[in-house]
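Hi,

Here is the structure I promised to pass on. Have a look first, and my notes on what turned up follow below.

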Amino acid sequence: MEEIRINKYLASLGIGSRREIDKLIEEGKIRVNGEVISAGIKVTDKDIIEVKGKKISKDVERKVYYMLNKPLEVLSSAKDDRGRRTVVDIVKCKERIFPIGRLDYNTTGLILLTNDGELFNKVIHPRSEVYKEYYVKVVGEIKDSSIKKLEDGVELEDGITLPAYVKLISRERGKSELMVSIREGRNRQVRRMLEAVNTPVLVLRRERIGKLSLGKLKVGEYRELTESEVKYLYSL
């Protein structure tokens, strides 16, 4: 019987992403055959695995893939200790899903949710170089020099950003609209980039992840990904 690294094995069962599973292992919350384990061990279907005291069923859960247009003031997480609304609360399905990546609490737009840990790793891995496109409305008439800085890379407290693609939509009456595409996933990155060039953000909405776009999906609405969309994500 084939042995598989435990983070990959549990991810295939929809328990979480490999990163989340590694964290649970570090916290001593995963046992194999009654023993607390360390990262990197391999398991088979014969092993008895417990996550946070609960025995894991070996029945493989149906893989599901959703696109959500996240509303304002909704957390991009599976749950919240303070009882705030999360993206998982919005998408109604029997499978235990989790978001791929994050959107800020005050940012709307496209976010993907799944129970497929393998796909999670493909999308968020730096090698995938998936561009995320954002519609941004900012205070003031943004300068050409500021756009150039965004395109070249902006100095933030956690280092210089990678070059961005910027398309100016409008620049009038004390506000500007633009599309910004980045391929990093730092915390609040787009907001911080615009603040670094002295143009505070008024509205921020993610429109696209790679080739996937919101289309006509309204705020708060969600749909399952098509087979071709899932294949595209796996091709990254």
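This is a predicted model: local features need pLDDT of at least 70, side-chain atom pairs count only at pLDDT 80 or more; totals for chains, interfaces and linings use all residues.

Residues are numbered from 1 along each chain as its sequence is written, and side-chain values use heavy atoms, with hydrogens and water left out.

Back to strand 9. Strand 7 (residues 65-70) also runs antiparallel to strand 9, joined by six bridges, and Asn-69 is bridged to Leu-110 there. Strand 15 is a parallel partner of strand 9, with two bridges; Thr-108 bridges to Arg-205 in strand 15. Seven of the seven residues of strand 9 (residues 108-114) are buried, so the strand is largely enclosed by the rest of the structure. Buried means under 20% relative accessible area, exposed means over 50%, and partly exposed is in between (1.4 Å probe, protein chains only).

There's also an open sheet of four strands, in the order 3-2-5-6 with antiparallel pairing. Strand 3 (35-36) and strand 6 (54-55) are at its edges with a single partner strand each, so one side of each has no neighbour in the sheet. Strand 2 (residues 30-32) and strand 5 (residues 49-51) are joined by three bridges, and Ile-30 has Val-51 as its partner in strand 5.

Now for some loop residues. Arg-173 isn't a glycine, yet it has a positive phi of about 50 degrees. Arg-173 sits between strand 13 (165-172) and strand 14 (175-182), and is exposed at 66% relative accessibility. Asn-198 is another non-glycine with a positive phi, about 60 degrees; its loop lies between helix 6 (189-196) and strand 15 (201-209), and its relative accessible area of 70% makes it exposed.

As for domains, the assignment (automatic or from a database) gives domain 1 (4-55), domain 2 (65-127 + 212-235) and domain 3 (132-209). The centres of domain 1 and domain 3, taken over C-alpha atoms, are 40 Å apart.

Cheers

Definitions and conventions: Two strands pair if DSSP finds at least two bridges between them.
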